[in-house]
Amino acid sequence: MQELLLINKVTMKRKTIFRNSLLLILILGSIAAYFAYREYNRKTENVDKLHAAFELTSDALIQEFTENEKAATEKYSGKVLQVDGLLKTIDVDDKGYNTVVLGNSASPSSVRCSIDTLFPIEKNNLQLNSPVTVKGVCTGFNADELGLGADVLLNRCIIVQKETTIH
């Protein structure tokens with residue numbers, strides 16, 4: 001009889017451990033699914049609402065990256081930059097996405113700004129070789145090893161409208 005009670009206790013203990021383990025796995029799985037769902041559906045903040053960590057000219061930004069790429073990458077990567085420069089070109093890819101290219105037209109190096117699709121550039125009345133200010137997130141640097149120029153890359157960019165004052 002005692003052997004039967006002992007076997008019954010061991011069986012009950014195994015069932016309890018199994019049930020508790022299954023419950024723990026379900027709870028942890030639910031928590032992981034919640035965070036995965038939240039991360040998958042996360043929206044990025046519009047750059048127009050973010051404060052620029054750095055404000056500089058396109059020439060100064062290009063110079064910093066060409067002189068010391070590692071230090072400039074550490075300083076600017078992932079940060080919101082507001083860059084002033086001359087408009088070299090506006091590139092449109094096959095999907096209709098706009099890239100504003102800033103820099104000195106005499107230099108092959110430039111700052112390439114992929115424009116956020118929520119802020120179309122058509123309303124900005126941009127003209128080549130005119131000053132423009134762009135705000136975006138720095139995502140890297142493409143150096144050309146043949147000396148044909150280099151590009152600083154900004155994403156989620158918007159054209160910053162300068163407020164004009166009438167005297």
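**Values set against their cut-offs**

Reader: Why is Arg 156 called partly exposed?

Author: Arg 156 has a relative accessible area of 29%, and the scheme calls a residue buried under 20%, exposed over 50% and partly exposed in between, with a 1.4 Å probe and protein chains only; Arg 156 therefore counts as partly exposed. The model is predicted, so local features need pLDDT of at least 70 and side-chain atom pairs count only at pLDDT 80 or more, while totals for chains, interfaces and linings use all residues. Residues are numbered from 1 along each chain as its sequence is written, and side-chain values use heavy atoms, with hydrogens and water left out.

Reader: What is noted about the phi of Arg 156, and where does Arg 156 lie?

Author: Its phi is positive, about 55°, although Arg 156 is not a glycine, and the residue sits in strand β6, residues 150-160, where strands (E, at least two residues) and helices (H or I, at least four) are DSSP runs numbered from the N terminus.

Reader: What makes Asn 129 exposed?

Author: The relative accessible area of Asn 129 is 52%, which makes it exposed. Asn 129 also has a positive phi, near 65°, in a residue other than glycine, and is found in the loop between β4 (110-115) and β5 (131-143).

Reader: How many disulfides does the structure hold, and what keeps Cys 157 from a bond?

Author: The structure holds zero disulfides, a disulfide being a pair of cysteine sulfur atoms within 2.5 Å. Cys 138 is in no disulfide, its nearest cysteine sulfur, that of Cys 157, being 9.6 Å away. For Cys 157, the closest cysteine sulfur belongs to Cys 113 at 4.4 Å, which is too far for a bond. Cys 138 is buried, with a relative accessible area of 2%, and Cys 157 is buried as well, at 0%.

Reader: Why is α2 called oblique to α3?

Author: The axes of helix α2 (residues 58-67) and helix α3 (residues 69-76) come within 5 Å and cross at roughly 125°, with axes fitted to C-alpha atoms, for helices over the stretch in contact, and angles run from 0 to 180 degrees between N-to-C directions. Angles under 35 degrees count as roughly parallel, over 145 as roughly antiparallel, 65 to 115 as roughly perpendicular and the rest as oblique, and α2 is therefore oblique to α3. The contact (heavy atoms within 4.5 Å) involves Leu 61, Glu 64, Phe 65 and Glu 67 of α2 together with Glu 69, Ala 72, Thr 73, Lys 75 and Tyr 76 of α3.

Reader: How many aromatic pairs are there, and why is the pair of Phe 54 and Tyr 76 called edge-to-face?

Author: There are four aromatic pairs; rings of Phe, Tyr and Trp (its six-membered ring) pair if their centres lie within 6.5 Å, and planes under 30 degrees apart count as stacked, over 60 as edge-to-face and the rest as tilted. One of the pairs, Tyr 34 with Phe 35, is edge-to-face at 5.3 Å centre to centre and 70° between the planes. The rings of Phe 54 and Tyr 76 have centres 4.9 Å apart and planes at 80°, so that pair is edge-to-face, and it links distant parts of the chain, Phe 54 in strand β1 (residues 54-57) and Tyr 76 in helix α3, 22 residues apart. Phe 54 is partly exposed at 25% relative accessible area, whereas Tyr 76 is buried at 2%.

Reader: Which residues form one aromatic cluster?

Author: Phe 54, Phe 65, Tyr 76 and Phe 141 do.
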